[in-house]
Amino acid sequence: MNKVYNNRAWFLILPMLMLVAFSAIIPLMTVVNYSVQDVFDANTRFFTGTEWFEVMLNDPALQAALLRQFAFSFTILAIEVPLGIGIALLMPKRGWQASAVLILITLPLLIPWNVVGSIWQLFTRGDIGLMGVGIRELGYAYNITRNPADAWATIILMDVWHWTPLIALLCYSGLRSIPDAYYQAARIDRASKWAVFRYIQLPKLTNVLVIGVLLRFMHSFMIYAEPFVLTGGGPGSSTTFLSQSLTTMAIGQQDLGPSAAFSLIYFLIILLVCWVFYTAIMNSQKDNTTQGGA
Amino acid sequence: MEWMVWTLPTAIFFSVIAAILLGMTTWELVSPSVERRGFLPIATTRGDRLFIGLLSAAYIHLVVVGFTDISIWFALGASVLWLLVLMRWG
């Protein structure tokens with residue numbers, strides 16, 4: 001018997017497609033239009049072709065911001081992912097302790113970005129901040145407005161504090177969904193804790209980790225409010241990340257053409273990195289299943 | 001549509017993209033794509049290869065515009081060639 005393929009259910013996503021068109025696709029087209037022109041007002045605009053792209057790609061300040069951005073994103077991923085998995089493994093599995101720990105872990109996620117920035121700004125101040133005064137008392141001249149290394153360490157610490165819970169929560173839910181039979185089989189085989197982690201828990205966590213890594217990468221690559229409030233991009237420009245450079249250009253200086261070109265480059269970088277992440281992780285999984293089947 | 005400050009090149013660009021998407025949809029309806037392995041290290045469908053082709057075309061253009069004095073038309077030509085090679089043998 002021939003199976004009838006009916007794909008008409010796809011029409012159900014039409015309303016969503018319309019919404020996305022209005023909220024994302026059409027505005028993105030406008031950005032593309034701006035990136036090839038110098039627009040002064042509604043009637044005065046000049047076609048500049050690829051000039052803005054050339055200027056933006058060769059701007060040393062932006063190149064430095066891009067490198068800083070990558071350094072930041074990969075640093076926080078390298079810290080948050082293992083730390084999040086570790087926390088999820090340690091979290092209690094049942095009873096009131098599980099609920100209590102879940103709530104405590106989730107708290108940082110509920111705080112808005114700029115509030116997190118303000119909290120850490122106060123926390124790290126040398127005169128009244130607990131952390132700032134504490135480190136000074138220990139004999140280190142900690143100052144995030146003067147010392148770039150201090151500013152970097154603080155921003156990374158702040159991001160780890162704010163977002164590790166997300167990875168931990170994702171992993172926790174992933175761990176909860178592993179059937180008990182796997183652990184029972186492991187116990188019969190007298191598998192070590194490490195073997196259980198390596199061959200049962202970690203493979204089962206792949207899916208949530210893909211989501212976690214993608215979310216954290218995109219989030220951190222677009223980070224704006226937290227470092228802006230905490231350090232304002234300083235000292236000098238040592239913590240000026242991409243979105244802050246972009247905002248300075250687009251809002252501060254009203255250079256719509258260059259900032260449109262820059263936005264597109266920014267967008268292409270995020271698109272490429274996310275695609276590479278996604279494909280790499282999805283393919284490694286596919287290889288595993290075929291090996292397991294054979 | 002004046003608020004979107006259209007120019008002829010960007011209008012052509014988006015029309016071509018829309019036409020490609022429509023064409024791909026029709027092609028898919030006429031003969032559904034089969035995932036296969038070409039010279040790329042991963043198995044891809046037709047749509048995957050189009051995406052890879054368009055994304056690399058964007059990067060080819062950025063490199064040519066940003067870091068060389070080569071005309072952008074060469075970048076376009078190279079991208080189209082690369083897209084065709086990718087679609088056929090990728």
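How much of residues 6–30 of chain B is helix, and how far apart are the end C-alpha atoms? The span is 92% helix and 0% strand, and its end C-alpha atoms are 34 Å apart. Helices here are DSSP runs of H or I with at least four residues, strands are runs of E with at least two, and both are numbered from the N terminus.

The structure is a predicted model, in which local features need pLDDT of at least 70, side-chain atom pairs count only at pLDDT 80 or more, and totals for chains, interfaces and linings use all residues. Residues are numbered from 1 along each chain as its sequence is written, while chains are lettered from A and ligands numbered from 1 in the order in which they are written.

Chain B holds 3 helices and 0 strands. Its elements run α-α-α from the N terminus on. The radius of gyration, taken over C-alpha atoms, is 15 Å for chain B, well over the 12 Å that the globule rule gives for 90 residues, so chain B is more spread out than a compact globule. That rule is 2.2 Å times the number of residues to the power 0.38. The C-alpha trace of chain B spans about 40 × 35 × 15 Å along its principal axes. Of the 90 residues in chain B, 11% are buried. A residue is buried if 20 or more other C-beta atoms lie within 10 Å of its own, exposed if 12 or fewer do, and partly exposed in between, with C-beta atoms placed from the backbone.

UniProt, in an unreviewed entry, places the feature "transmembrane region" at residues 6–30 and 73–89 of chain B. Such annotations may be inferred rather than shown by experiment; the positions follow the numbering used here, and feature names are shortened. Residues 73–89 of chain B are 100% helix and 0% strand, with end C-alpha atoms 24 Å apart.

Chain A has 12 helices and 2 strands. Along the sequence, its pattern is α-β-β-α-α-α-α-α-α-α-α-α-α-α. The C-alpha trace of chain A spans about 75 × 75 × 30 Å along its principal axes. Buried residues make up 25% of its 294 residues. Contacts were counted between residues whose C-beta atoms, placed from the backbone, lie within 7 Å. Among contacts in chain A with a separation of 6 or more, 70% join residues 24 or more positions apart. In chain B, the corresponding share is 46%.

For chain A, the unreviewed UniProt entry lists "transmembrane region" at several spans, including residues 12–36 and 151–175. Residues 12–36 of chain A are 88% helix and 0% strand, and the end C-alpha atoms are 36 Å apart. Residues 151–175 of chain A are 100% helix and 0% strand, and the end C-alpha atoms are 35 Å apart. The unreviewed entry in UniProt also places "domain: ABC transmembrane type-1" at residues 66–277 of chain A. This span is 76% helix and 0% strand, and its end C-alpha atoms lie 19 Å apart.

The two chains touch. The contact takes 22 residues from chain A and 15 residues from chain B. On the chain B side, helix 1 (8–30) and helix 2 (46–67) each supply at least two residues. Helix 2 of chain B gives the most, with 6 residues. By class, this side has 12 nonpolar, 3 polar and no charged residues. Here Ala, Val, Leu, Ile, Met, Phe, Trp, Tyr, Cys and Pro count as nonpolar, Asp, Glu, Lys and Arg as charged, and the others, Gly among them, as polar.

A nonpolar core is a set of buried Ala, Val, Leu, Ile, Met, Phe, Trp, Tyr and Cys residues joined through C-beta atoms within 7 Å. The largest core has 23 residues, of which A:Phe53, A:Met56, A:Ala261, A:Phe262 and A:Ile265 touch the most other members. Elements giving two or more residues to this core include helix 1 (14–35) and helix 12 (256–293) of chain A, together with helix 2 of chain B. Helix 12 of chain A gives the most, with 7 residues. Leaving aside neighbours within four places in sequence, A:Phe262 is in contact with A:Met56, A:Leu62, A:Leu246 and A:Met249. A second, separate core of 12 residues includes A:Ile85, A:Ala88, A:Trp163 and A:Leu166.

Note on methods:
Two residues are in contact if their C-beta atoms, placed from the backbone, lie within 7 Å.
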